[in-house]
Amino acid sequence: VLLFTLLQGCTQQAIPDQGADYPTIVLLIADDLGLDVAPCHDAGSVMKHLAARCETSLVFDRAYTHPVCSASRASLMTGRHPFRTGTGDVRQEARKLSLEEVTLAERVKASSPGNYLMGAFGKWHLADDENGSERNPNLQGFDHFEGTPRQHDTYRYYDYDWMRNGVSLGQQSTYRTTRIVDAVIENFASSPSSRPSLYLVNFTNPHKPYHTPPAGLHSQGDLSGISLKEVINREPGPGEYHANRREPLLDKQYDAMLEALDNEIERLVSAMNSASTRPIIYIFLGDNGSAAEVYRGPSDAGYRAKASLYDGGVRIPIQIWSSYSENSALQSGRSDALVELSDLFLTISEMTGSGTQASEGLDGRLDSVSFAKILSDPGRPSEREFVYVERGNLDKMPFAYGLVDAAGYKLILRDPVRPTGYARGVLMEYYDTARDPGEANDLLLSACSTDLTRVADMLEEITRLHASEPEKHTTFSPEPYRSHLEGLTADCAARTN
């Protein structure tokens, strides 16, 4: 068994009560947390517990996902891109995840010899009236769900409705992050030790509204002097937008939220390690980049945060460690392998013995690529030539499509019908993210000194992806972009002559 081989690596010291020889796997998902504040990427991170685990973790430096919540979570659950599932945005008009999609929980439950128990907690964000509403997580393969299945009440940290397996437990006053951890610990303690678990733990921190967590969860002191009214009413600066701008007045509350998340994750990890008789693999990640109000990455070029296809919106931390890390073949270190969040679908499938083959009817339409082999060999090269990122829906949010190749070149395609507000009139952008991490220099503005053949190849890769499932929810057409490239090529040829 691959997973047992990965984790065993310790014949000198036996792990007690192996059962079916499969570990419990816990995904710890932070909401709107990019590399700019991630504990293994930001040297000044306030997330001290997770930062202390970086040396014993496998850290992925080039992990990507889609730039908004539902699209990213649907990709994780299905191993498929948003244009295939239709789950492209969180807005009311956007589609949520169809019950016809095969989720990670359903796949592991159907195929793993490990007899896994499935639990999901906290923010779900994939349910609506058409797919089972509050029962959606249970209908998608989870034995136990506690939290907020729909968008309703998701972003209230106090006095929120709490659901357990489709039944409301009424208004809760406990700080939401604490309530989520309480639910995980309680469920784990009551589960039979003979069976491994797969837990999806969806936190809301550090997603807005920015606020002051309970005093015992942070070290930022008295934050009562911060006036959110002042923050809201401040006029935006050049290149900024009223609801999406860098706002230093929020920094202390934001740091307090990060600390609260870090402290509660440490409590969860400590409790589970103490109670477990088998190895536990923890996977900490962000669902997309940090929000613009609190984004601390490069900003000289303007908006580069959540909801954009720049690295500030789509590049995320993935940090993996084991409760038996000293004896495990799960290696610590850093990997520069190019990976997508969707790759966790087949990676976890392989780790649980569920295989890496596409489900029936999805051959050629599963976008996940397993990186399980990298877990024992961090220096292993990427099995991907590119990652694909996407934003938008059919109703209101303009589409944008992006591709990043193994060398770090990124192509962004804008919606030709509904141009976005912060890039109005710009149809295509092209960046060298390895040399220009702030993506301030659009190489197509100096097209004659740019390899347009490479750009054309990347456009055709995006075209191939969309052509593989033409009946799905997309309006993509390559023709405007091909015409634009032909125009640039012709102009450069004319200048040369």
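Predicted model: local features only at pLDDT ≥ 70, side-chain atom pairs only at ≥ 80, totals over all residues.
Reader: How many disulfides does a search of the whole structure find, and in which pattern?
Author: A disulfide is taken as a pair of cysteine sulfur atoms within 2.5 Å. With bonded cysteines counted along the chain, the pattern is 1-2, 3-4. The search of the whole structure gives two disulfides.

Reader: Which residue does C40 join in a disulfide, and where do the two lie?
Author: The S to S distance for the disulfide of C40 and C54 is 2.1 Å. The pair links distant parts of the chain, 14 residues apart: C40 is in the loop between β1 (24-30) and α2 (48-52), and C54 is in the loop between α2 and β2 (58-64). Helices (H or I, at least four residues) and strands (E, at least two) are DSSP runs, numbered from the N terminus. The partner of C40 is C54.

Reader: Is C54 buried or exposed?
Author: Buried means under 20% relative accessible area, exposed over 50%, and partly exposed in between (1.4 Å probe, protein chains only). The relative accessible area of C54 is 15%. C54 is therefore buried.

Reader: Which residues touch the most other members of the largest nonpolar core?
Author: A nonpolar core is a set of buried Ala, Val, Leu, Ile, Met, Phe, Trp, Tyr and Cys residues joined through side-chain atoms within 4.5 Å. The largest one has 43 residues, and its largest share, five residues, comes from helix α11 (residues 343-351). The members touching the most others are L27 and I283.

Reader: Which residues does L27 touch?
Author: Contact means heavy atoms within 4.5 Å. Residues up to four places away in sequence are not counted. The residues touched by L27 are L76, L198, Y199, L200, V201, I283, L285, L344 and I348.

Reader: Why is strand β5 largely enclosed by the rest of the structure?
Author: Two strands pair if DSSP finds at least two bridges between them. Strand β4 (residues 144-148) pairs with β5 in the antiparallel sense over two bridges, and β5 pairs with strand β6 (residues 167-172) in the antiparallel sense over four bridges. Strand β5 (residues 160-164) is largely enclosed because the number of its five residues that are buried is four.

Reader: Which residue takes a positive phi in the hairpin of β5 and β6?
Author: The hairpin has two residues between the strands. In β6, the bridge partner of D161 is Q171. The residue with a positive phi, near 50 degrees, is N165.

Reader: With which side chain does the side chain of E469 make a polar contact?
Author: A polar contact is a pair of N or O atoms within 3.5 Å; within protein, one must be able to donate a hydrogen and the other to accept it, and residues adjacent in sequence count only if both atoms are side-chain atoms. E469 is in the loop between α12 and α13 and counts as buried at 1% relative accessibility. At 3.4 Å, the partner side chain is that of R365.

Reader: Which residue forms a salt bridge with R334?
Author: A salt bridge is a side-chain nitrogen of Lys or Arg within 4 Å of a carboxyl oxygen of Asp or Glu, and the whole structure has 33 salt bridges. For R334, the closest N and O atoms of the pair are 2.8 Å apart. R334 in strand β10 (residues 333-335) is 273 residues apart from its partner in strand β2. That partner is D61.

Key. Residues numbered from 1 in each chain as written. Heavy atoms only, no water.
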